Amino acid sequence: MQYAAPEPMPAASYPSSSVELGDVKRILVRRRFLILATALLLTLAALLYGLFTPALYSSVAEIIVDPQDLQVVTNDVNPSRVPPDGGITMVESQVAVVQSSGVLLRAIAATNLTEDPEFNGQGGLLSRLLGGGSAETDKTGKTLDALRRRLAVKRADKVLVLDVIVTAKSADKAAMLANAIAQAYLADQASARAKMATDASDSITARLDEQRKRVQQAENAVEAYKSANNMVMAAGNLVSDQELTEINTQLSAAQSRTAALKAQVDQLRKQGGAPDATSEAMRSSVISSLRTQEATLVDQLSQLGTELGPRHPSMIAAQQQLRDTRQLIARELGRIVTAAETDYERALANQQALEAKVAGMKSKSLDTDQASVKLRELQRDLEAVRSVYATYLQRAQETREQVNVDSTNARIISSAMPALKKSWPPLLLLVFGAFFGGLGLGTGMALIAEYSSPTVLSSAQMQSAIDAPVVGVLPAKPARRRWWPFGGAATPAGQKMDAVAGLALRRLFASSRRPPNWPLVPSILLTSAPEDAVQRGRVARLLANAAGARGSRVLFIDTNKAGGSQKEPQPGLLDVLRGEYPFETLSQYAPGSNVAVLGKGRPKAAFSEAQGVYFTQHMLAQASRNFDLVVVDGGALADNLNASPLVAMVDEIVLVATLNATPMRDVTAASQAISVMGRLPTGALLVDEAA
């Protein structure tokens with residue numbers, strides 16, 4: 001009667017997992033020698049480098065750069081303005097200026113650095129081996145490159161101070177070079193500004209001749225136009241305009257005088273022949289004198305008339321004098337009237353003459369008005385050209401003076417001093433850095449090695465790979481070695497391993513779907529990759545021993561090793577599967593245990609798979625009479641085709657792998673071999689070497 005192997009329980013759904021955080025520890029522990037070797041190698045290299053590398057010293061010179069330069073003149077070539085960012089950007093650009101070739105070449109020339117073997121490239125081993133000298137330009141270029149490599153210019157945050165740091169094999173040389181570069185920077189800035197002022201002065205001076213010619217051309221144009229239009233200028237104005245203005249002034253004065261004289265004459269004419277009450281008569285000194293004399297004579301006549309009488313000679317003489325005086329007054333008043341009329345007539349004639357002259361000049365002025373418009377335009381052009389020429393002349397003189405004035409506001413606030421301690425190599429820092437860097441590098445190499453050839457790292461990863469549960473994780477350290485693998489008292493470590501094995505057996509058969517009254521004995525077949533043969537054999541014996549220790553009668557079948565100690569293999573499993581020997585005659589119990597052992601047997605003849613399945617079924621049915629469990633060490637199924645009939649009939653197929661050692665490709669190959677034989681793995685047992 002043919003029996004089919006019982007169907008396994010449907011595989012549970014396990015989460016996909018590659019590497020978990022806890023698995024990294026396993027990788028690092030497993031590859032700890034690679035990590036430590038890398039760290040020690042780098043530490044040794046750093047130590048040798050620090051011991052044999054010549055010491056270097058660094059010195060610092062500090063330069064403060066004020067973004068607001070000294071303002072020597074108002075119209076400076078370099079205007080002193082503070083940028084919106086406080087000059088940080090401008091000072092930051094000075095970092096590049098300090099490292100520029102112009103500044104460094106100044107410092108090299110000042111210190112004669114091209115003759116220093118440390119910087120000119122002549123002190124190296126390669127240069128000494130090659131021999132020969134290089135051209136002067138090559139030497140300068142090498143010195144410049146070497147100095148640039150030894151130079152660092154830094155600016156601290158939110159400050160306007162530049163740190164010029166130079167590193168050299170000598171502390172004094174480093175300080176000297178730092179100070180030389182700082183001085184070269186200041187000299188370069190002063191030279192650049194002087195050159196800028198010189199270039200500006202030369203450019204403006206070159207434009208002066210052109211501006212002077214333009215002024216001359218404009219002046220000649222004005223003079224030629226005035227000559228062509230008969231326009232004579234005086235004090236910046238046309239003479240005809242000045243004459244017209246003067247005559248208009250004279251005419252106004254003449255009109256005023258004529259009006260005043262006419263009013264005077266009219267007043268005198270209104271008073272008739274006695275104009276003695278006029279202002280002219282009152283102001284006349286002659287009339288005033290005659291009036292005084294008249295008053296005196298009147299008083300005298302009054303007195304003589306009282307004393308002498310009207311016919312007295314003195315009285316008559318006084319009266320005659322009074323009449324003469326009054327005649328003189330009358331004649332004087334007449335003369336005033338005549339003079340006023342004469343003055344009026346003369347003023348009127350002068351006014352009329354001036355009016356005629358003004359009329360003539362106005363007609364002439366109308367003829368020159370159109371020419372004056374063009375003349376004023378030429379004069380405006382002349383004034384503009386003169387203004388530009390004057391500005392150029394003043395600017396040229398100012399810029400010429402700025403050539404000799406240094407307006408930069410940068411100075412050295414701290415000169416470089418020889419360093420007391422070397423700056424390179426920092427031996428302690430290099431050693432610590434190399435050690436921890438080596439740890440990091442070794443860790444990376446370990447992870448790369450692991451990911452390039454992944455191994456079984458965890459139960460979850462194994463479950464995801466074979467789609468079957470991991471029923472236990474056994475420690476790799478075996479119990480105290482005994483002369484026989486079965487029976488005998490177990491050590492405490494062995495008791496722990498037996499407990500784990502017993503629990504694994506319970507998990508296996510708790511999930512089995514053996515039908516009730518199944519005639520075949522419960523059976524387990526263990527397989528693994530070829531590299532895990534030792535661990536697989538140990539786990540198989542451990543399971544058999546654990547079942548036997550709990551009172552079960554166990555048949556242990558080893559498909560890898562022939563039974564007996566003689567050179568000629570003893571009959572065993574292969575003989576049973578070929579039907580040559582009955583099963584009961586070959587199985588034998590180990591001394592002092594409940595475990596019977598059946599060896600591989602004699603591989604002298606092949607058998608068909610159907611024949612093997614039949615006798616396997618018959619063997620398991622017979623074993624159910626005398627045994628409670630059959631444990632089979634199936635070997636590596638990909639290489640052990642003799643175990644194929646057993647795979648078809650056993651209840652459980654367990655895959656054995658070692659954590660952090662068994663490659664995942666071997667697990668996949670073993671699982672595929674089981675699939676080719678018509679079954680699927682029902683579980684897995686892992687061996688932890690770190691436990």
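Five bridges join strand β8 to strand β13 (residues 652-658), and the two run parallel. Two strands are said to pair if DSSP finds at least two bridges between them. Within this pairing, L525 stands opposite I653 in β13. Strand β8 also has a partner in strand β12 (residues 629-633), to which four bridges join it, again in the parallel sense. Here L526 stands opposite D633 of β12. In general terms, strands of a sheet pair through backbone hydrogen bonds, either parallel or antiparallel.

The model described here is predicted, so local features need pLDDT of at least 70 and side-chain atom pairs count only at pLDDT 80 or more, whereas totals for chains, interfaces and linings use all residues. Residues are numbered from 1 along each chain as its sequence is written, and side-chain values use heavy atoms, with hydrogens and water left out.

Strand β8 covers residues 523-528, and six of its six residues are buried. The word buried means under 20% relative accessible area, exposed means over 50%, and partly exposed lies in between (1.4 Å probe, protein chains only). On β8, S523, L525 and T527 point one way, while I524, L526 and S528 point the other way; all are buried.

What does the protein look like as a whole? Its secondary structure comes to 20 helices and 14 strands. These elements are DSSP runs numbered from the N terminus: helices are H or I with at least four residues, and strands are E with at least two. Of the 691 residues, 40% count as buried. The protein exposes about 37400 Å², and carbon and sulfur atoms supply 56% of that area. Accessible areas come from the Shrake-Rupley method with a 1.4 Å probe, and for residues only the protein chains shown count as cover. Among contacts (heavy atoms within 4.5 Å) between residues at least 6 apart in sequence, 83% join residues at least 24 apart.

Attention now turns to another sheet. This open sheet of four strands has the order β2-β3-β1-β6, with antiparallel pairing. Its edge strands are β2 (151-155) and β6 (410-414), each of which pairs on one side only. From one strand to the next, the twist averages 30°. Axes are lines fitted to C-alpha atoms, for helices over the stretch in contact, and angles run from 0 to 180 degrees between N-to-C directions. Strands β1 (residues 57-65) and β3 (residues 161-168) pair in the antiparallel sense over eight bridges, and I63 stands opposite L162 in β3. Helix α3 (residues 88-98) packs on the sheet and touches β1, β2 and β3, its direction making about 175° with that of β2. Helix α8 packs on the sheet as well, touching β1, β2, β3 and β6, with a direction that makes about 20° with that of β1.

How do helices α4 and α8 meet? Two packed helices are described by the angle between their axes and the distance between the axes. The axes of α4 (residues 101-111) and α8 (residues 171-228) come within 8 Å and cross at roughly 125°. That angle makes α4 oblique to α8; angles under 35 degrees count as roughly parallel, over 145 as roughly antiparallel, 65 to 115 as roughly perpendicular and the rest as oblique. The contact is made by residues including G102, V103 and L104 of α4 and M176, L177 and A180 of α8.

Several loop residues complete the picture. L520 sits in the loop between α15 (492-510) and β8, and counts as buried because its relative accessibility is 2%. L520 and L629 are 109 residues apart in sequence and 9.9 Å apart in space, C-alpha to C-alpha. S587 lies in the loop between α17 (573-577) and β10 (588-589). With a relative accessible area of 19%, S587 is also buried. Not counting residues up to four places away in sequence, S587 touches L555, V597, L598 and F627. The C-alpha atoms of S587 and L555 are separated by 7.7 Å, although the two residues are 32 apart along the chain.

Finally, N112, in the loop between α4 and α5 (117-120), has a phi near 55°, a positive value in a residue other than glycine. N112 is partly exposed, with a relative accessible area of 47%. D467 lies in the loop between α14 (459-466) and β7 (470-475). Its phi is near 55°, a positive value in a residue other than glycine, and D467 is partly exposed at a relative accessible area of 44%.
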